[in-house]
Amino acid sequence: MSGRVILAVPSKGRLKEQTETWLADSGARLDMSNGARGYQAALAGFDGVEVRLASAADIAASLSVAEIHLGVTGEDLLGETAAGALPLMALGFGRADLVVAAPRSWIDVETMADVDDVAHDILARTGRRLRVATKYPQQTRAFFAAHGVADYRIVESGGATEGAPAAGAAELVVDITTTGATLAANGLKPLVDGLILKSQAHLAAAPGASWDEPALAVARRLLSVFEAAARGKTMARLAWPADQDSGARQALGDIAAEALAVGAALIARAEVFLAAERLAAAGIGPIAVEEPAYVFQRVCEAADRLTEFVRKRTKSRTSP
């Protein structure tokens, strides 16, 4: 159907809760059509957006095959499963690290160089390669290659990766961790230089999805709201008497990010106290400070990137 955009969001766990909060804070409240346990929903106030609920892994897979237009999933999964997806926005939640971890009992193994030494030793003594258990084989191979480690093999993990060394299925693991507590509970330690990725939730697009002009227009409206809400959290509106405008702007100097009108300007929220000090020192007042819910700009960077990417892809397909 022309003009329909399918947005997939996580269906369970902490990431679902954080995504729902982000949507609500952006003014796009999730309305469940089939109750709390349903797998379809809508966004209040956004006609043309169909919301599907799925696991973060399934969302990444759906982006990779263009079954959906937009999806919220982890950066780690985007890099592993949906490398062709277009990241549009880092969302600031769902933070976790993808790391290489070794048994704590390996007291002389702290770095990837040490892993290389151990791998050579295992191969020389046993004729087999060091085993690395992971759900992230592509990123693991790239990281190990960058560190010159070659004498290993991937053991793809279908269950709890961190338990592989204790079960005798692998010597090392590459896994996602938030606090390191689960790794520690399984007798593992992250390597000093074993950080592969500092991941967080992203809103990403599938450039290969059925993007017609009406669908791009729906996406632009949605992305503009998301961008404006995020920008509003970082900005403050300062207002002062209109007859003191010239003196106020001179006092603020480079703090004022953008003039709104006579007697008002936007500044970074972190600069509010400094701005107040400068204005008071210049005899400007009274000063009112407001926190805007949205700050819309003339352009939407995320929507522009999506439109450019889709049109280039379409042009390349139609070119002789």
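Student: Which residues in H9 meet H10?
Tutor: On the H9 side they are Ala248, Ala251 and Leu252, and they meet Ala275, Arg278 and Leu279 in H10. Keep in mind that this is a predicted model.

Student: What about the geometry, at what angle do the axes of H9 and H10 cross?
Tutor: Roughly 130°, with the axes coming within 9 Å. H9 covers residues 245–252 and H10 covers residues 272–281. That angle makes H9 oblique to H10.

Student: Is the crossing of H9 and H10 left-handed or right-handed?
Tutor: Right-handed.

Student: OK, switching to sheets. What is the strand order in the five-stranded one?
Tutor: The order is E9-E8-E10-E7-E11, in an open sheet with mixed pairing. From one strand to the next, the twist averages 25°.

Student: Which strands stand at the edges there?
Tutor: E9 (152–156) and E11 (188–199). Each has a single partner strand, so one side of each is left without a neighbour in the sheet.

Student: How many bridges join E8 to E9?
Tutor: Five, and the two strands run parallel. E8 spans residues 130–134. As an example to click on, leucine 130 has tyrosine 152 in E9 as its bridge partner.

Student: Which strands does H5 touch when it packs on that sheet?
Tutor: Helix H5 (residues 137–146) touches E7, E8, E9, E10 and E11. The direction of H5 makes about 165° with that of E9. There's also helix H4 (residues 112–126), which lies across E7, E8, E10 and E11 and runs at about 125° to E8.

Student: Now the seven-stranded sheet. What's the order there?
Tutor: E2-E3-E4-E1-E5-E12-E6, an open sheet again with mixed pairing. Ignoring direction, neighbouring strands of this sheet are turned by 35° against each other on average.

Student: Do E3 and E4 run parallel or antiparallel?
Tutor: Antiparallel, joined by three bridges. E3 is residues 40–43 and E4 is residues 49–54. Alanine 42 stands opposite glutamate 50 in E4.

Student: Which strands does H1 touch?
Tutor: H1 packs on the sheet and touches E1, E2, E3, E4, E5 and E12, with its direction at about 130° to that of E1. Helix H8 (residues 213–232) packs on the sheet too, touching E1, E3, E4, E5, E6 and E12. The direction of H8 makes about 30° with that of E6.

Student: Let's zoom in on some side chains. Where is tryptophan 22 found?
Tutor: In helix H1, which runs over residues 13–25. Tryptophan 22 has 14% relative accessibility, so it counts as buried.

Student: What does tryptophan 22 touch, not counting residues up to four places away in sequence?
Tutor: Val72, Leu91, Phe93, Leu203 and Phe226. If you want a C-alpha distance, tryptophan 22 and aspartate 193 are 33 Å apart in space and 171 residues apart in sequence.

Student: And leucine 70, buried or exposed?
Tutor: Buried, since its relative accessible area is 0%. Leucine 70 sits in strand E5, residues 70–74.

Student: What is leucine 70 in contact with, beyond its neighbours within four places in sequence?
Tutor: Among its contacts are Val5, Ile6, Leu7 and Ala8, plus Leu203, Ala204 and Ala205, and also Trp211. The C-alpha atoms of leucine 70 and proline 207 are separated by 9.2 Å, though the two are 137 residues apart along the chain.

Student: Backbone check before I go: where is there a cis peptide bond?
Tutor: Between glycine 285 and proline 286, with omega about 0°. Proline 286 is in the loop between H10 and strand E16 (288–290).

Student: And what is phi for alanine 66?
Tutor: It's near 60°, a positive value in a residue other than glycine. Alanine 66 lies in the loop between helix H2 (56–64) and E5. With a relative accessible area of 26%, alanine 66 is partly exposed.

How values were computed:
Residues are numbered from 1 along each chain as its sequence is written. This is a predicted model: local features need pLDDT of at least 70, side-chain atom pairs count only at pLDDT 80 or more; totals for chains, interfaces and linings use all residues. Side-chain values use heavy atoms; hydrogens and water are left out. Helices (H or I, at least four residues) and strands (E, at least two) are DSSP runs, numbered from the N terminus. Buried means under 20% relative accessible area, exposed over 50%, partly exposed in between (1.4 Å probe, protein chains only). Contact means heavy atoms within 4.5 Å. Axes are lines fitted to C-alpha atoms, for helices over the stretch in contact, and angles run from 0 to 180 degrees between N-to-C directions. Angles under 35 degrees count as roughly parallel, over 145 as roughly antiparallel, 65 to 115 as roughly perpendicular and the rest as oblique. A crossing is left-handed if the near helix is turned anticlockwise from the far one by less than a right angle, and right-handed if clockwise. Two strands pair if DSSP finds at least two bridges between them.
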